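Please look at the sequence and the structure before reading on.

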Amino acid sequence: DNDLMEKLVSLSKRRGYVFQSSEIYGGTGSVWDYGPLGVELKRNVKDAWWRAMVHERDDIEGLDAAILMHPKVWEASGHVENFTDPLVECRNCHRRFRVDILLAETGAAEMEAARCPSCGKTGEWTEPRSFNLMFKTFMGPAEDSANVVYLRPETAQGIYVNFLNVQQSARQKIPFGIAQIGKAFRNEITPGNFTFRTREFEQMEMQFFVKPGSDEAFFEQWREARFKWHTDVLGLSPDRLRYHPHEKLAHYASAAGDVEFYFGGTIGDGGWGEIEGIHNRTDFDLKRHQEYSGKRLEYIDPAAGERYIPYIIETSVGADRATLAVLANAYREDVVDGETRVVLSIKPSLAPLKCGVFPLVKKDGMPDRATQIHEDLRRRGIPSFYDEAGAIGRRYRRQDEAGTPFCITVDGETMEQGTVTIRDRDTMEQSRIAQDQIPAFLAERLA
Ligand code: ATP
């Protein structure tokens with residue numbers, strides 16, 4: 001299991017999915033950069049979310065709020081006071097850990113029994129102290145406390161403070177939602193596990209505003225809809241997904257649960273890690289913003305002649321965790337002709353490259369014909385990769401590792417009869433089709 005994360009880290013570097021941030025300087029703690037294939041995969045994940053949450057619905061509007069917000073936002077939200085984790089330090093090696101993660105990862109029931117993952121000593125822990133996870137910086141030239149601002153630790157607050165702007169400008173009626181994708185920052189104490197827990201990450205959040213009293217039904221509805229998205233759209237296998245209701249609720253929530261994916265290794269609870277949280281946040285956030293801003297944040301329903309502060313059902317997915325789940329779900333090794341073949345069986349609709357195009361040999365007009373096919377695909381908006389270097393078997397293997405679902409080869413028959421072979425990444429089966437059928441063949445399978 002631990003193996004899988006290590007294999008993903010090295011495959012990601014080899015094929016250009018993810019690199020360690022500032023690698024030439026020895027890396028930055030728990031910050032990662034997405035390479036040529038990674039940026040495409042993550043973008044496809046975000047686009048799939050945006051399509052399902054915004055474009056395919058009339059009752060959800062998009063938003064892109066700024067990362068820097070008025071510092072009072074974080075007082076109203078409770079983050080200044082509550083966004084803390086209990087932190088302990090190993091007296092022996094002085095490494096620091098978050099209590100809950102340490103207990104989960106070591107399997108210890110209490111701190112006295114927990115072994116330090118860094119030096120191996122058992123039970124030499126300081127008393128837990130609270131540590132706020134928000135990154136601070138200064139706005140303007142004076143670095144004094146009056147000018148402190150925070151990097152947002154979640155995107156949700158940008159939605160709450162714009163609730164009436166969006167509702168009124170888009171002329172929405174309750175129930176309706178606001179969706180946003182953007183960066184969030186948390187000074188995590190126990191980061192690690194590749195891109196599962198990082199200090200800079202992207203969230204895809206949707207806040208659904210409902211009439212008080214209808215919140216429980218909407219919570220259930222969203223819980224089901226969101227769970228289904230992970231299997232149907234991301235293609236995660238159902239036996240690696242579960243829904244985990246929270247026993248302990250955050251200060252703002254009346255009901256909450258997580259969609260968890262089985263990553264294995266030391267992630268989360270026995271390998272099961274949260275990828276999405278669904279929360280009934282009640283009217284906590286809007287009430288607090290009304291109180292702290294002194295501005296009314298009520299919804300006015302002219303038809304019913306009522307005004308009220310709506311309840312909010314939140315769905316919050318990490319774009320990086322969802323992308324990591326897609327990679328972990330896709331990773332396979334099989335043996336072909338006595339050699340290990342590494343394959344990323346990513347759903348074709350999400351794969352960074354859709355197609356490899358190869359001339360069988362570098363002569364007899366094959367490179368020109370293959371280039372034509374490649375350029376035609378590009379013009380049609382189908383990301384394709386032209387490769388003429390090395391044995392054909394090697395070229396297939398490179399695309400298998402990159403997660404490219406189809407490879408088209410131009411050979412002697414292409415030149416004589418106008419047909420090409422199309423090879424399927426997962427089954428390795430090849431079929432022969434007419435060159436002019438390529439776009440239709442791919443369109444059907446990439447939808
Ligand atoms: P955890 O308990 O793992 O710290 P959380 O419950 O604090 O997560 P939320 O505040 O509910 O997470 O955030 C919603 C989503 O944002 C999570 O489901 C996860 O996908 C993502 N996320 C949160 N923290 C991180 C992080 N440090 N790195 C990457 N993604 C994160």
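Which exposed residues does the face of α12 turned away from its buried side carry? The residues are Gly393 and Arg394. The model discussed here is a predicted one.

## Helix α12

Helix α12 comprises residues 392-402. Its buried residues are Arg395, Tyr396, Gln399, Asp400 and Ala402. These residues lie on the same side of α12 because the arc they cover around the axis is only 165°. On the face turned away from that buried side, Gly393 and Arg394 are exposed.

The residue that follows α12 is Gly403. The phi of Gly403 is positive, near 90°.

## Domains

The protein is divided into two parts: domain 1 is made up of 2-68 + 153-328, and domain 2 of 353-446. Taken over C-alpha atoms, the centres of domain 1 and domain 2 are separated by 37 Å.

## Surroundings of the ligand

The ligand is surrounded by 16 residues. The closest of them are Phe201, Gly277, Ser316, Gly318 and Arg321. By class, the shell around the ligand holds 8 charged, 5 polar and 3 nonpolar residues.

Several elements contribute to this shell. At least two residues come from each of β10 (200-210), β13 (272-282), β16 (311-318) and α10 (319-330). Which element gives the most to the shell around the ligand? That element is β13, with 4 residues.

Technical notes: Residues numbered from 1 in each chain as written. Predicted model: local features only at pLDDT ≥ 70, side-chain atom pairs only at ≥ 80, totals over all residues. Buried ≥ 20, exposed ≤ 12 C-beta atoms within 10 Å, placed from the backbone. Arc of directions from axis to C-beta. Domains from an automatic or database assignment. Near = placed C-beta within 6 Å. Nonpolar A, V, L, I, M, F, W, Y, C, P; charged D, E, K, R; others polar.
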